[in-house]
Every structure is written in structure tokens, then in C-alpha cells.
Amino acid sequence: LIARRRRTSCYFYPRAWPNLRSEDWWERVVLKEFGPQDWLEKFRMSKETFFYVCSRLQPGLAPHSTHFHPALPVEKRVAVALWHLATNVEYQTLSPLFGVGPSTVQTCVREVSYAIVLLLKPLYLRLPSEKELENMVRIFRTRWGFPHCIGALDCLHIPIHPPLRLSADYYNGQGWHSILTQATVDGLGQFWDVSTAFPGSMENSAVLESSSLWVLAKEGRLCPNPPKHFMGKAQKYVLLGDATYPLQDWILKPYQEDENLTQRQLQFNYRLKRAHSVIENAFLRLKARWQILLKCDDCSLELLPTLVLACCILHNICEAHDNPFNEEWLEGTEPMELPKPCQPAPAAMEDGQAEQVRELMCQYFESCGE
């Protein structure tokens with residue numbers, strides 16, 4: 001028996017793929033038969049935008065192969081990653097579709113996400129130049145009727161399954177586990193500042209104080225030096241927040257609603273909330289397009305910041321390239337069982353001088369007769 005086993009072992013060679021997979025599906029079906037709507041549904045972008053992204057990621061996704069696993073083309077690796085980000089299907093479900101193993105799907109998601117952040121973030125998610133800030137002011141004024149404004153600010157809670165040892169840190173005020181992403185968008189709903197991976201137990205005001213945006217504002221890098229004039233006074237550009245943010249000379253929020261508000265203050269609240277809706281819509285489109293953000297179950301806490309940034313960058317690319325958005329994707333993006341935490345900012349963070357800025361805005365709206 002020992003001799004026979006030794007003889008037969010000489011003729012045994014392990015198979016690279018133990019199961020039959022549709023390895024040619026990508027080349028035979030996707031590349032040759034997919035129409036424009038198929039590309040949009042599965043990859044959330046047009047075919048032209050997809051190959052543009054692939055060309056940009058080529059330097060960061062150099063092929064590497066082994067004896068048993070030949071290197072996947074860059075386009076196929078990007079396709080695997082985008083399909084997962086768009087549909088949030090499990091690795092095991094996506095694996096046979098592309099003819100690769102679940103571990104390969106996971107590797108594609110990780111490597112493509114890192115490449116997107118490394119190579120595309122400097123192009124699509126960066127601090128605007130002075131000329132770009134002026135253009136953002138113009139868009140907010142013409143599209144949303146709010147002057148001297150460069151962005152809307154808010155936080156997004158992303159549901160997760162945290163490690164047991166960190167469960168309390170990620171348990172937010174509404175009774176579910178999440179990570180926090182703070183983002184700022186322009187008047188077109190494109191992100192230009194994103195800070196992510198804060199524990200869900202943090203309040204929006206604490207996230208703001210811990211973010212790079214706070215540092216930029218305190219260093220005066222969010223507006224020209226000296227500041228542009230508004231209503232006859234030198235005034236910093238402003239961001240628009242909600243009640244969870246502190247009133248600053250560069251962050252405006254609504255007056256607290258009560259029966260004592262004047263007509264001017266009510267008009268200010270209406271204008272601010274209408275303009276602030278641009279980031280609420282941006283978050284909805286972001287989650288609808290990249291449904292991995294509806295519930296991050298398959299990825300580790302270490303990968304999450306990169307994954308969230310990659311989704312924001314891809315959102316900007318799709319918006320900048322005028323890729324169509326399917327309204328049906330919005331279904332299920334706001335589950336009622338996961339209400340949004342909303343804790344007012346502490347009074348200690350309020351800037352006493354900022355009330356003068358709100359008053360200037362009230363004067364502006366009154367003078368416009370709006």
C-alpha cells in the first residue's frame with residue numbers, strides 16, 4: 001500500500017480551480033452584450049466613465065500573478081469592486097459570477113478602494129482653490145438663493161457590526177451601531193471635504209472639532225485673505241449646518257424654532273434649510289448609488305474609512321461626468337428602524353460674534369424682498 005501510494009502520488013497535480021466557474025462571463029457577456037442601462041445598473045456609471053476610471057487606476061493596480069492564479073485584468077478587478085460597492089452583495093454571491101474565489105473578490109474591493117483614494121482623491125475630493133470658491137459662492141447664490149456660501153455641512157451615520165470590545169463606542173444616541181462621516185458639499189451636491197470613521201457615539205459638534213475642516217477654518221484657509229466684502233463688511237465665506245452644529249462666524253445654523261421668532265428670522269430659517277437640503281440630497285444619492293453604505297457587514301473597521309472615501313469620490317466622478325441617476329435606487333435608503341441621531345451643539349462651542357453674521361444675512365434677505 002505504501003509503495004502504491006508513493007507511485008500514484010507522482011502523478012497527482014492539484015487543480016487551480018476546484019469548482020467550475022464562468023471565467024469568460026466578463027469577456028463574453030459584460031464587454032460584448034451589456035447595453036448602456038446594464039452598465040448603469042450594475043456599475044452605477046456609464047461604460048465610458050467606467051473605462052475612464054480604469055485608465056486612471058491603471059498605475060495603482062499593477063497586475064500580479066501566481067502559479068495557480070493568473071493576474072486579473074485591471075478592468076475586471078474594478079468591475080468586481082464596483083459591483084460589490086453598488087449592490088452590497090456578499091463575496092460568496094459575487095464570486096461565481098466573475099469566476100473568481102471569494103477571497104479574490106475581497107482583495108479586489110480592498111485594492112481598488114485604496115487605488116481610488118490614492119489616485120483619484122487629489123482630482124475629485126480636495127480643498128477648492130480661491131477661484132473655485134468664488135464659483136461655489138455664485139452657484140449657491142443663483143441655485144439656492146443663499147449668498148456668500150461655499151458649502152453645506154452634515155454627518156452621515158453608516159450602520160456597522162462593531163467588534164464586541166468596541167461595541168459601546170459605536171452605539172449611537174438612537175440605539176444602533178454606526179460610524180460617522182462628516183462631509184461638506186458644494187451647491188451641485190459634490191463632496192469637497194470628507195472626514196470619516198468616527199465612532200457613532202460621538203456628537204456632530206465633537207466630530208467637527210476633531211476634523212480637518214475645523215483646523216482649516218481656524219487657520220483661515222476656507223476663504224480668501226483678506227475676506228471678500230458682504231453687505232458692506234469684510235466677511236468670511238460661510239458653511240450651512242443644522243441645529244447639531246455650533247454657531248460660528250463661518251458656520252450658520254437656523255434660529256431655534258419658537259413663537260418669538262420675527263418674520264426676518266423665519267425667512268432666514270427657511271432660506272438656510274432650503275439651501276442645506278443640498279447635502280441631504282447628496283447623502284441620499286450617495287447611499288442609493290453605492291449601497292454598501294446602507295450596511296457595512298463584510299468589511300473590517302480598518303478598511304471602512306477607505307471604502308467610504310472611495311464611494312464619495314466615485315459619487316463625484318459620476319456627478320461630474322453627468323451619469324444618469326435612477327430614482328428607483330432611492331428605495332430603501334432611509335429605513336425607518338434606523339432614525340438619525342440629532343443632538344444639539346453645546347452652548348460652550350457657540351461664537352458670540354457669529355450672531356452678527358446671521359443678522360447680516362437677515363438684512364440681505366429683507367433687502368432682496370424675498
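How much space lies in the largest cavity? About 40 Å³. On a 1 Å grid over the protein atoms alone, a cavity is a set of points where a 1.4 Å probe fits but cannot get out. A volume is the space filled by probe spheres set on the points, which are joined across faces, edges and corners.

This is a predicted model, where local features need pLDDT of at least 70, side-chain atom pairs count only at pLDDT 80 or more, and totals for chains, interfaces and linings use all residues. Residues are numbered from 1 along each chain as its sequence is written, and side-chain values use heavy atoms, without hydrogens and water.

Select Ala217, Gly220, Leu222, Cys223, Lys236, Tyr237 and Trp250. They line the largest cavity, each with an atom within 4 Å of a point.

Next, select Phe43, Phe50, Phe146, Phe191, Leu252 and Trp290. These have the most contacts inside the largest nonpolar core, which has 91 residues. Such a core is a set of buried (under 20% relative accessible area, 1.4 Å probe, protein chains only) Ala, Val, Leu, Ile, Met, Phe, Trp, Tyr and Cys residues joined through side-chain atoms within 4.5 Å. Helix α12 (residues 304-320) gives the most to this core, with 11 residues. Helices are DSSP runs of H or I, at least four residues, numbered from the N terminus. Domain 1 (24-62 + 70-123) and domain 2 (126-294 + 332-368) both contribute residues, so this core lies between them. The domain bounds come from an automatic or database assignment.

Last, find Val207, Trp214, Leu216 and Tyr237. A second, separate core of 23 residues includes them.

Conventions: 1 Å grid on protein atoms, 1.4 Å probe; cavity = no way out; pocket = protein on both sides within 12 Å on 5 of 7 lines; lining within 4 Å. Buried < 20%, exposed > 50% of the residue type's maximum accessible area, 1.4 Å probe, protein only. Helix = DSSP H or I, 4+ residues; strand = E, 2+ residues; numbered from the N terminus.
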